[in-house]
Amino acid sequence: MPSVPARSLLLVPLLGLLWGFNWPAVRISLTEIAPWTLRAGGMTFAGLALVAVALARGVSLKVLAAHWPRLIVAGILSIAAFNILLAFAQLMAPTSRAAILTFTMPVWATLMAWPVLGERFDRPRLIGLGLGVAGLLCLGLPLIRAGQLSPGLALALLASLSWALGTIVTKRWPVAAPTLAIAAWQLLIGGAAAGVGMLIFEGVPVPKALSPPVAAALAFHILGAQALAYFLWFTVIARLPAGIASLGTLMVPAVGALGSVLLLGERPAASDWLGLVLVVAASGAILVSPKPTR
């Protein structure tokens with residue numbers, strides 16, 4: 001592998017921190033901002049920021065007419081449904097548990113890839129599946145025994161499944177456009193979907209003054225975890241091998257859980273921490289699995 005600048009490598013943990021601390025930032029924002037409104041504004045602003053980056057870099061935003069249906073379906077699954085479900089999940093369940101459950105996505109994507117993409121289960125994938133199942137059991141069994149399962153955790157799991165299905169759709173029916181353009185359009189599709197939900201369920205938002213903690217959390221969510229993080233992500237994948245870039249996402253559930261402890265005062269149980277370790281290990285095993293030969 002060719003050498004890469006150390007400065008580029010530092011962007012990987014920075015991304016993990018931005019996306020990880022986004023979890024408590026969203027939860028704090030939701031204390032004063034309705035969920036549909038928060039998601040509509042956040043995704044729309046992030047999409048427009050990526051459009052600006054694409055235009056500044058001279059990246060084409062054009063998408064073939066025949067590829068718009070697949071782009072819309074992938075955007076609704078990976079961006080719209082994922083973000084909207086998680087907003088409600090965080091209102092109903094501890095943020096730390098929602099973050100851990102969400103990052104079981106590689107496990108579900110691996111299971112879906114077998115019948116849809118014909119990807120076989122090699123040893124790393126099998127190890128990842130086993131670790132993922134063990135992590136789910138660590139998270140779920142104590143809650144089942146204590147009768148503490150909540151709809152929020154089911155929504156977090158649905159968000160993970162939606163993210164995985166959107167990933168499979170993208171792989172099975174790829175869109176012939178630059179990655180930056182695809183991400184920008186998908187975020188705008190997500191913002192439009194959330195905007196429709198906002199108008200139906202919440203109405204037109206009325207401007208109001210936010211408390212300083214919520215204003216800071218909202219600014220971090222939109223500017224840091226959305227606009228800046230997506231810009232850094234596409235910088236990273238342009239400069240680093242995909243495996244190294246993807247491994248940075250393994251930090252996200254750990255940082256999210258830690259941020260929930262520091263900023264939200266949550267106290268995850270020992271089984272939650274063990275589940276976190278197993279889920280991160282499962283994702284790592286699946287990410288290092290070599291791509292199958294078609």
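Reader: What makes up the accessible surface of the protein?

Author: In this predicted model, the accessible surface comes to about 13,800 Å², and 73% of that belongs to carbon and sulfur atoms. Such areas come from the Shrake-Rupley method with a 1.4 Å probe. Local features need pLDDT of at least 70 and side-chain atom pairs 80 or more, while totals for chains, interfaces and linings use all residues. Side-chain values use heavy atoms, without hydrogens and water, and residues are numbered from 1 along each chain as its sequence is written.

Reader: How do you know that the radius of gyration agrees with a compact globule?

Author: The globule rule, 2.2 Å times the number of residues to the power 0.38, is set against a radius taken over C-alpha atoms. For 294 residues a compact globule would have a value near 19 Å, and the protein has 19 Å, therefore the two agree.

Reader: What share of the residues is called buried?

Author: Buried means under 20% relative accessible area, with a 1.4 Å probe and protein chains only. Of the 294 residues, 50% fall in that class.

Reader: How many helices and strands are there?

Author: Helices are DSSP runs of H or I with at least four residues, and strands are runs of E with at least two. By that rule the protein has 12 helices and zero strands.

Reader: What share of the contacts with a separation of 6 or more joins residues 24 or more positions apart?

Author: A contact means heavy atoms within 4.5 Å. Residues 24 or more positions apart account for 89% of the contacts with a separation of 6 or more.
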